[in-house]
Amino acid sequence: MLIEIMDVIISGLINGSVYALMAVGLTLIYGVSKAFNFAYGSFYSMGGYIAFLLFGVAYFKNYLVVFCLAAPVLLVFGFFIEKLLVAPLRKRDDWEIKVMMITLGLALFLDNSYQVVFGARMKSLPSILEGAFEVGDFILSYQDVVIFVLSIGGILLFRWFLNNTRTGMSVRAVAQNPAGAQIVGIPKEFVFAATFAISTVMVGMGGILLAQKYFVTPGGGWNILIKAWVITAFGGMGSIKGGLYAAFIVGMLEAFVGWQFGMNWTLIALFAVLLTTLAIRPQGLMGKWG
Amino acid sequence: MKKTLSLLLILVLSLFMAQGAWAKGVIKVGVPLAMTGPYTDTGDNYWKGIKMAIDEINEAGGLLGKKLEPVRFDTQEFAPERVMQGADYLCGKLKVDSVHAGWAGWGQDVRAYGKYTASFFADDGSQTAVDIYKQNKKQYNNIFQLTDTGINQAKSMFNVLMALPYEYPNKKVVIITADDAWGTEVGDTLEKNFKKKGWKVAMHELVPYGTNQWGPLLTKIRKIKPAIIHVEIVSAQEVITFFRQFMKKPTKSILSYGYSLVPREVVGTMGKEADGIIGEVPTAMPTPEAPTPEAQAWLKKFNTIWHHLPQAGSWAAYSGVKAWAAAVKAVGDEKAHDKINNYIATKGYKGETGWWKWDADHVMRAGGDVPIAHYQVQNGEMVAIFTDPPTKPYKNYKFQVPRWIK
Amino acid sequence: MEHKRIAKLLAVIWSIVAVLPLFFGSTNFIMHILIMCLIWSVVASCWDLIMGFAGIFSFGQVAFFVIGAYASAIITAKFGIPPIFAVFLAGVIAAGIGILVGLPCLKLKGAYIALVTFAVHMILEPVLKGGIGRAIGTGGSRGILTIQPMNIFGYTFTSSEPVPYFYLMLFVAVICSGIILAVIKSHWGTAFLALKDAEEFASCLGVSAFKYKLMVFALTSFLTGVIGGFYAHYVGMLSTRMLGIDLFVTLMVILVIGGVGKFPGAIIGAFITIAINEMLSPLGSFRPITLGAMVVILVLLLPDGIVGMFEKIFLKKKKVRSLN
């Protein structure tokens with residue numbers, strides 16, 4: 001029994017770390033610019049496909065190189081998407097809904113472009129680290145350990161960036177008070193685009209990290225978007241700490257419900273918990289209004 | 001405002017009209033398959049078989065001296081109105097003389113295409129589709145199923161599991177299926193059969209598509225230690241992640257994947273890693289060695305055109321086109337739909353492995369020259385080890401006890 | 001837009017639509033598409049009412065549509081109630097669920113509401129397929145494959161003869177658009193605008209956000225549920241495959257093309273979008289690519305959709321005229 005519970009907890013923890021990485025980017029954009037990005041899942045797949053392309057080229061058969069090459073590509077891509085598609089909408093009325101629509105159109109465009117370019121079949125990446133270690137009856141694969149460590153590491157790195165760099169601090173300033181930030185000379189428009197770009201990098205990196213375990217498919221980003229969405233709302237949109245807690249709660253919840261009641265109940269249980277939370281705390285676990 | 005509106009109207013009208021061009025000396029063949037969305041890959045497999053058959057017929061001078069012209073229709077995600085739209089477009093508007101589908105709507109298609117007379121070939125493998133056919137055999141005379149139902153396929157899987165030259169350590173089985181019509185049909189039938197034989201179904205779990213974290217389920221499985229685990233989810237991602245997570249700490253269980261072994265990526269991605277998994281393909285051409293020289297030649301030809309071995313469905317869809325073409329040739333008039341349908345239903349068709357005979361319900365029942373093939377992955381390739389019914393070993397290929405049991 | 005102009009525009013649209021069967025009456029395929037256009041135009045208009053006018057980001061419209069369709073099919077099959085009444089009962093059921101969903105949403109904002117309402121969409125599939133669904137009579141993952149056709153005063157509308165059903169649906173669509181117009185015109189409409197633009201100020205003036213928002217949830221889910229019922233009795237079969245992403249996106253495109261909050265826009269949008277969708281269909285994967293690109297470009301260039309564009313042209317002309 002103890003081993004069983006340990007197994008379930010481990011699978012909950014690993015899922016939780018992945019969810020946290022997924023949710024941080026989404027909550028960041030929403031927190032800073034109040035924009036909801038429907039193409040978030042497609043950016044996730046984009047990470048996987050970039051890695052797939054790089055692995056196809058003989059020189060780059062190394063994850064470190066792949067990460068280093070993919071990050072700037074995603075950064076530039078995210079920056080220009082924000083500048084070209086989202087920024088022009090900001091001045092219009094109903095701009096929130098229009099951002100949702102335009103990113104939904106972008107998602108449709110990207111997902112089906114992947115299908116045309118790479119085919120409908122899933123693509124796989126080499127495993128980042130083979131093998132597993134055993135302690136008695138208990139087994140943990142290195143792959144899962146790497147996913148856990150890199151996800152948490154990524155989030156910590158990101159927190160450090162927000163708290164200790166100039167750009168990071170201006171991001172926080174804009175999130176707290178856009179008008180005030182502008183008055184003290186922070187380029188608001190640039191910060192919006194930079195946040196969007198950073199969140200694209202985070203989710204794209206997550207895409208690479210997960211693709212080596214779960215593969216890449218053209219429409220595979222939707223599940224990620226929905227999970228990230230639930231977690232950000234649960235934790236409080238715009239709150240990174242809340243998102244972190246929510247991710248692990250959701251990961252554990254899924255693992256325990258799947259174990260005790262069956263996989264078909266996880267989604268229902270997830271939304272039941274979300275609804276109850278929102279009914280009591282409409283702003284989510286740690287969110288703030290405004 | 002009125003001007004722009006009328007302009008718009010004209011635009012819309014002209015776009016509707018533009019499709020009406022008619023060519024003479026051509027026989028139109030409808031091909032409703034999923035070209036977008038989650039079913040694209042299966043649609044692609046069927047299309048490869050259908051395209052190959054049509055090209056073959058055209059290269060040989062056409063049918064009754066006329067060229068065949070395929071008209072594709074995107075069935076997307078098989079929403080009811082989409083299936084109906086396909087029938088109205090292909091049969092109603094374009095008046096095609098036959099329709100070749102693959103997965104086509106699991107019963108919805110019988111209703112939609114049954115309104116028309118052109119022969120309709122589907123690969124639903126669904127009891128629901130057969131039940132609807134039985135409601136009005138006369139009206140649905142043009143409906144033909146290329147494979148046996150999920151119920152019979154599941155029975156066949158069960159028979160082969162029982163016939164394996166292997167001593168089961170206990171009588172416990174775990175069944176995991178997708179929560180779609182196919183999965184539940186197979187799962188329920190398996191459960192019934194296992195129970196009848198005195199086995200204990202220790203777990204029967206329905207999972208949604210997209211499941212890729214199997215930790216909680218595997219935890220339960222490791223406690224049960226079943227002799228057989230049957231997984232029926234026709235999607236590579238799910239079954240590969242299941243296998244890899246299972247292999248972290250395997251139980252001494254035969255892994256039976258049923259029809260889920262079919263997506264080419266399963267073997268393509270895992271290669272030798274997948275050695276030991278067993279599964280089935282209905283209406284199959286057994287590989288690596290086909291049963292007849294003609295079949296072997298067909299395999300080679302398919303491989304030269306598409307650069308990979310045929311996946312489930314390709315050959316079935318190919319044979320559907322050929323069966324219809326043979327009937328048209330015999331009847332001598334592609335517009336005599338009723339005669340063609342009756343010809344197919346009564347006379348059948350001689351294919352690469354032998355005779356195809358549809359039964360009274362217009363289902364291509366497994367058996368005879370077109371049995372269900374049961375495979376095991378050996379050395380990174382799918383190898384036919386049994387055919388059923390009747391259950392008998394295939395040629396000289398032998399079942400191997402999986403490496404995680406030894 | 002002024003209400004009179006909306007009414008006029010509606011009259012023009014519906015009278016054009018009413019004569020379409022003269023051209024296409026003999027082609028079932030096109031009649032079928034036109035009927036679907038009518039159905040989607042109602043669903044999209046309801047969505048526009050709740051999202052464009054009331055400013056509530058409800059993403060559950062497809063879910064209410066499917067709930068209505070299943071409810072009507074099950075009511076006719078289980079209780080032997082004629083379809084024409086069952087359709088309204090289905091609307092009532094959808095409205096009830098709409099209120100249930102609306103209640104927690106009233107406290108929420110923006111993307112949260114979108115999530116909660118979309119959650120209904122997401123949960124609906126496992127519920128309809130699972131044990132609860134099968135107990136109600138949804139047929140589980142097989143769906144419902146036999147649904148009684150619509151029957152009014154002994155006349156049976158079948159999908160093999162679409163022209164009568166087309167006029168029936170046109171009648172329903174006209175009534176629905178009339179109701180929506182009436183809502184926009186009434187003090188509800190004014191209240192919505194006030195709440196959307198300045199919620200706090202409006203509630204200070206005594207406009208009850210709670211009451212109006214709940215009412216709009218009830219009304220739109222009622223109409224959507226009713227039209228879902230009509231869909232069920234027309235197509236004659238149902239499955240959870242309607243809950244795929246395709247229909248959701250199509251409805252979104254309809255709103256983009258028609259213009260958000262530009263009421264008859266959704267109706268025009270439905271006809272244009274479905275026509276484009278059908279024409280692009282032979283292109284396979286290039287259809288959604290084109291559709292996606294179109295959404296992106298249209299949102300950027302035509303922020304208020306086609307109706308918004310006309311309005312602008314119209315206003316400019318007027319200005320020019322008044323200057324002269």
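User: What radius of gyration does chain A have, next to what a compact globule of 290 residues would have?
Analyst: Keep in mind that this is a predicted model. A compact globule with 290 residues would come out near 19 Å, and chain A agrees with that. Along its principal axes, the C-alpha trace of chain A spans about 60 × 50 × 35 Å. The radius of gyration of chain A is 19 Å.

User: Which elements make up chain A, and in what order do they run?
Analyst: Chain A has eleven helices and two strands. Start at the N terminus and read along, and you get α-α-α-α-β-β-α-α-α-α-α-α-α.

User: What share of the residues in chain A is buried?
Analyst: To count as buried, a residue needs 20 or more other C-beta atoms within 10 Å of its own. Out of the 290 residues in chain A, the buried share is 54%.

User: How compact is chain C for its 324 residues?
Analyst: Chain C comes to 14 helices and two strands. The globule rule gives 20 Å for 324 residues, and the radius of gyration of chain C is 20 Å, so chain C is as compact as a globular protein of that length.

User: Are helix 1 and helix 12 of chain C roughly parallel or roughly antiparallel?
Analyst: Helix 1 (residues 3–24) of chain C packs against helix 12 (residues 264–280) of chain C with the axes 10 Å apart and an angle of about 25°. Angles under 35 degrees count as roughly parallel. That makes helix 1 of chain C, relative to helix 12 of chain C, roughly parallel.

User: Which residues of helix 12 of chain C make the contact with helix 1 of chain C?
Analyst: Helix 1 of chain C brings Ile6(C), Leu9(C), Leu10(C) and Ile13(C) to the contact. The residues of this contact divide into seven nonpolar, no polar and no charged. From helix 12 of chain C come Pro264(C), Ile267(C) and Ile268(C).

User: How many nonpolar residues are on the side of chain B that touches chain C?
Analyst: The contact takes 38 residues from chain B and 40 residues from chain C. Several elements of chain B each supply at least two residues of that side, including helix 1 (2–17), strand 2 (67–74) and helix 7 (181–196). The residues on chain B's side include ten polar and eleven charged, and the nonpolar ones number 17.

Methods: Residues are numbered from 1 along each chain as its sequence is written. Chains are lettered from A and ligands numbered from 1 in the order in which they are written. This is a predicted model: local features need pLDDT of at least 70, side-chain atom pairs count only at pLDDT 80 or more; totals for chains, interfaces and linings use all residues. Two residues are in contact if their C-beta atoms, placed from the backbone, lie within 7 Å. Helices (H or I, at least four residues) and strands (E, at least two) are DSSP runs, numbered from the N terminus. Ala, Val, Leu, Ile, Met, Phe, Trp, Tyr, Cys and Pro count as nonpolar, Asp, Glu, Lys and Arg as charged, and the others, Gly among them, as polar. The radius of gyration is taken over C-alpha atoms; the globule rule is 2.2 Å times the number of residues to the power 0.38. A residue is buried if 20 or more other C-beta atoms lie within 10 Å of its own, exposed if 12 or fewer, and partly exposed in between; C-beta atoms are placed from the backbone. Axes are lines fitted to C-alpha atoms, for helices over the stretch in contact, and angles run from 0 to 180 degrees between N-to-C directions. Angles under 35 degrees count as roughly parallel, over 145 as roughly antiparallel, 65 to 115 as roughly perpendicular and the rest as oblique.
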